[in-house]
Amino acid sequence: MLSVLDREHTVAPPGYSRWLIPPAALAVHLCIGQAYATSVYKTSMVKHFDTSQTAVGVVFSIAIVMLGLSAAVGGTWVERNGPRKAMFVAACFWAAGFLVGALGIGTGQLWLVYLGYGFIGGIGLGIGYISPVSTLIKWFPDRPGLATGLAIMGFGGGALVASPLSRQLLSLYDSGYDPDVSTSVAGGGALVGLFLTLGIVYFAIMMFGVFTIRVPAEGWVPDGFDPATVKQKTMVTTANVSAANAIKTPQFWLLWVVLFCNVTAGIGILEQASPMIQDFFRGDDGKSSVAVAAAAGFVGLLSIFNMAGRFGWSTTSDVIGRKPIYMMYLGVGIIAYFLLATVGPNSTVIFVLLAAVIISFYGGGFATVPAYLRDLFGTYQVGAIHGRLLTAWSAAGIAGPLIINGFLDREGKPGTLTAEAYRPALFTMVGVLAVGFVANLLIRAVADKYHESSETTVEASR
């Protein structure tokens, strides 16, 4: 029965519309994008387990680490078995992660949440994230930035759905929880119900993507597209590099540094978004002028900019090129972070605008990087190369939250912090982005010695 998941059963018939592929990818990415909404119930988790922000933040870090590791290890497997089987495996791991996490919350065992949502769910994150990427690039060789942006924007938009959904579910499962009161936290039973519900609902939605995805037939090209038009673009190759050879090139590791720096700078804000905006505008009396509901709305707003940046900036990269747009992500990001630390506390409008710009660049970096890889290494094993590159995300998933949470834990307890507590971490991010900016400047076209022969790539596609 599971043979329906095999690659040979997913080849698109003649006349199949390639525009059906992005919705299939979106179904998976919107679900796994829930990872960006963890800050909504973070305070409740801290209270339930009677532990620190750092200890609870480790759950998110483990998930991101496993995302990168599973993408790196499983990238070649995904290429070989096709997107349908990969999406199915991702759905199983992602749902199982919620169920095991619920068990951990219910029994008061934080290590089970690490194992479930962090380790098991993280595997689902990694396989689910890369599963449609190479397929999208093959369906949209004329517009790779737009194609990957269409799908990967779903990952950024996951919190747009998960944030309000989580608040409402917590309120449903715990009558004592009021999402509009800053001191209100949900009980363990409500957190268990939340995790169980999300696991079941997300699995069902991801199945839509599993049975909708198709791969193009061998030799297929879009109507009116001439592959020769790609040749003359700066830093865009028509040759191909294998995943094994790609990691031997300086370009791969420079781009690894670029992605690591861009992600580290953004992920710290996302993981801390809800309490951060409240802390920035906390008065001398200890009360914040930003309500919990408004803070959750801020998480949703960031999700919109994360999603919009993934589509808008990656599509723009098809016009201006990948290297110039990363110069913008990192260069303007340096200025935005500096202003966030210095003038951000003066106005909620300024704070929100600067955070939105930073997160749009963060999202844009994720959506643009598969097209950057395609430009440098070709389409032969771009999915596997992308999986290996996502180890940068794993490293950033540790670095970003640790920088933010490490500084905050030294400054005081949740609910008592102010903007001053965040400044050292924000200035650290300025330095991180500067390193990424230099790395991007050093990227050049890949040397011919790393290219595969045409016979190798043709045989592998059969």
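**Salt bridges**

I began with a network of salt bridges that links Arg18, Asp142 and Arg143. I count a salt bridge when a side-chain nitrogen of Lys or Arg is within 4 Å of a carboxyl oxygen of Asp or Glu. The model is predicted, so I noted its limits: local features need pLDDT of at least 70, side-chain atom pairs count only at pLDDT 80 or more, and totals for chains, interfaces and linings use all residues. Residues are numbered from 1 along each chain as its sequence is written, and side-chain values use heavy atoms, with hydrogens and water left out.

How many salt bridges does the structure hold? I find eight. Side chains of opposite charge can pair when their charged atoms come close.

I looked up Asp142 and Arg18. Their side chains meet in a salt bridge at 3.0 Å, N to O. Asp142 lies in the loop between helix H6 (133–139) and H7, and Arg18 in the segment before helix H1 (21–32), so the pair ties together parts 124 residues apart in sequence. I take helices as DSSP runs (H or I, at least four residues) and strands likewise (E, at least two), numbered from the N terminus.

Is Arg18 buried or exposed? Arg18 is buried, with a relative accessible area of 11%. Asp142 is partly exposed at 24%. My cut-offs: buried is under 20% relative accessible area, exposed is over 50%, and partly exposed is in between (1.4 Å probe, protein chains only).

I then checked two further bridges. Arg282 and Asp279 meet at 2.6 Å, N to O, and both residues are buried. Arg322 and Asp318 meet at 2.8 Å, N to O. Arg322 is buried, as is Asp318.

**Aromatic pairs**

I find 29 aromatic pairs in the structure. Rings of Phe, Tyr and Trp (its six-membered ring) pair if their centres lie within 6.5 Å; planes under 30 degrees apart are stacked, over 60 edge-to-face, and the rest tilted.

I opened Trp94 and Tyr117. They form a tilted pair, 5.7 Å centre to centre with 55° between the planes. Trp94 is in helix H4 (residues 83–107) and Tyr117 in helix H5 (residues 110–130), 23 residues apart, and the pair links distant parts of the chain. Trp94 and Tyr117 are buried.

Next I opened Tyr329 and Phe361. This pair is also tilted, at 5.8 Å centre to centre and 40° between the planes. Tyr329 sits in helix H12 (residues 322–342) and Phe361 in helix H13 (residues 348–377), 32 residues apart. Tyr329 counts as buried because its relative accessibility is 0%. Phe361 counts as buried at 6%.

Which residues form one aromatic cluster? I list Tyr41, Trp94, Phe98, Tyr117, Phe195 and Tyr202.

The contact (heavy atoms within 4.5 Å) takes 47 residues from domain 1 and 53 residues from domain 2.

**Nonpolar patch**

My last entry is a nonpolar surface patch of about 490 Å², made by Leu30, Leu160, Val161, Leu165, Leu301, Ile304 and Phe305. Helix H7 (144–173) and helix H11 (292–320) each give two or more residues to the patch. Patch residues have over 30% relative accessible area and no salt bridge; like charges are joined within 9 Å, nonpolar side chains (Val, Leu, Ile, Met, Phe, Trp, Tyr) within 5 Å. Areas come from the Shrake-Rupley method with a 1.4 Å probe; for residues, only the protein chains shown count as cover. I place Leu301 in helix H11. Leu301 is partly exposed, with a relative accessible area of 30%.
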